[in-house]
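Trainee: I have a model to read and want to learn the features one by one. Please take me through it.

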Amino acid sequence: DKSVIETAKLELASQLDHIATVVDHQIVEKELIQLIDKKYLTIGPTTSEKVKQATIKVLAGVLKQLNKDTREKYADVYQLTMSEDIRKWRFRFVISEQMDALSSLFSPNTIMYKIVPMVFAFCKDNCGVVRKAASHNIWRLLNNVKNDQLCKRIVLMNIKEFGKYNRFSLRQSYILMMEGIVLNLKNEVDQEMIDILKELAEDPVINNRICV
């Protein structure tokens with residue numbers, strides 16, 4: 001019965017990260033991650049969108065248990081999810097809530113070329129829930145790359161661009177980004193970022209003024 005299978009898989013999916021911490025490392029490397037990939041991340045007759053969503057929610061915890069080389073292969077799971085049907089915003093929301101884990105799991109090169117572009121795409125997402133979640137969590141990305149000067153510079157440059165967009169919702173994303181940065185990473189705030197925020201305090205859109 002498909003409903004019984006889905007119920008069981010949803011329960012298991014929510015515990016996959018815990019399972020990965022208690023079983024033998026070799027089993028995680030050679031069996032568990034492949035099982036997850038084929039039976040929990042690939043939508044099919046017995047794998048619904050709900051199961052995939054629940055799996056993505058805990059996938060980072062599983063990936064932590066893998067060797068670095070194996071882990072790198074699964075960075076594409078997040079990117080592929082981003083490129084799926086635009087109506088499947090819940091997948092993107094679940095990923096945008098995992099900024100801290102995703103910006104520390106992978107190699108600096110993968111973070112630079114895969115995670116950073118994905119994060120800023122979420123900050124521009126047509127779905128407001130995704131856009132706000134990603135913007136609120138951008139400071140976690142900045143915190144994890146602050147010792148990589150090139151990546152840090154690229155992240156800061158992208159953040160500043162949001163304060164200058166014509167689209168008011170993207171300017172609002174900048175305000176949400178700055179909230180997290182000012183409260184958690186004061187040393188990373190420069191005068192240009194403050195000046196942009198001051199300009200947005202006089203934004204033509206009242207919602208942005210209130211947000212500031």
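Mentor: Begin with burial: buried means under 20% relative accessible area, exposed over 50%, and partly exposed in between (1.4 Å probe, protein chains only). At 30% relative accessibility, N144 therefore counts as partly exposed. This is a predicted model: local features need pLDDT of at least 70, side-chain atom pairs count only at pLDDT 80 or more, and totals for chains, interfaces and linings use all residues. Residues are numbered from 1 along each chain as its sequence is written, and side-chain values use heavy atoms, with hydrogens and water left out.

Trainee: How many helices and strands does the protein chain have?

Mentor: Helices (H or I, at least four residues) and strands (E, at least two) are DSSP runs, numbered from the N terminus. Here the protein chain has 15 helices and 0 strands. N144 belongs to helix α11 (residues 138-145).

Trainee: What radius of gyration does the protein chain have, next to a compact globule?

Mentor: The radius of gyration is taken over C-alpha atoms, and the globule rule is 2.2 Å times the number of residues to the power 0.38. For 212 residues, a compact globule would come out near 17 Å; the protein chain has 19 Å, which agrees. Along the principal axes, the C-alpha atoms fill a box of roughly 60 × 35 × 25 Å.

Trainee: And the surface?

Mentor: Accessible areas come from the Shrake-Rupley method with a 1.4 Å probe; for residues, only the protein chains shown count as cover. The total for the protein chain is about 11300 Å², with 52% belonging to carbon and sulfur atoms. Of the 212 residues, 44% are buried.

Trainee: Which residues does N144 contact, leaving aside its neighbours within four places in sequence?

Mentor: Contact means heavy atoms within 4.5 Å. With those neighbours set aside, N144 is in contact with M99, D100, S103 and S104.

Trainee: With which side chain does the side chain of N144 make a polar contact?

Mentor: A polar contact is a pair of N or O atoms within 3.5 Å; within protein, one must be able to donate a hydrogen and the other to accept it, and residues adjacent in sequence count only if both atoms are side-chain atoms. For N144 the partner is the side chain of S103, at 2.8 Å. Now try N208, in helix α15 (residues 206-211). Its side chain makes a polar contact with the side chain of D203 (3.4 Å).

Trainee: Is N208 buried or exposed?

Mentor: N208 is buried, because its relative accessible area is 0%. Beyond four places in sequence, the contacts of N208 include F168, R171, Q172 and I175.

Trainee: What about Y78?

Mentor: Y78 sits in helix α6 (residues 75-82). Y78 counts as buried, since its relative accessibility is 0%. A polar atom of the Y78 side chain lies 3.4 Å from the backbone nitrogen of A60. A60 is also one of the contacts of Y78 beyond four places in sequence; I56, L59 and M118 are among the others.

Trainee: How many salt bridges are found in the whole structure?

Mentor: Side chains of opposite charge can pair when their charged atoms come close. The criterion: a side-chain nitrogen of Lys or Arg within 4 Å of a carboxyl oxygen of Asp or Glu. The whole structure has 8 salt bridges. In one of them, the side chains of R92 and D125 meet at 2.6 Å, N to O. R92 is in helix α7 (residues 89-96), while D125 is in the loop between α9 (108-122) and α10 (128-136), 33 residues apart. Both R92 and D125 are buried.

Trainee: Which residues are linked in a network of salt bridges?

Mentor: K160, K164, D190 and E192 are. E192 bridges to K160, with the closest N and O atoms 3.1 Å apart. E192 lies in helix α14 (residues 191-200) and K160 in helix α12 (residues 149-162), so the pair ties together parts 32 residues apart in sequence. E192 is partly exposed at 36% relative accessible area, whereas K160 is buried at 12%. K164 also forms a salt bridge with E192, at 3.4 Å between the closest N and O atoms.

Trainee: Which side chain of opposite charge is nearest to R71?

Mentor: Lys and Arg count as positive and Asp and Glu as negative; His and the chain ends are not counted. For R71 the nearest is E72, 6.4 Å away. R71 is buried yet has no salt bridge. R71 is in helix α5 (residues 68-72).
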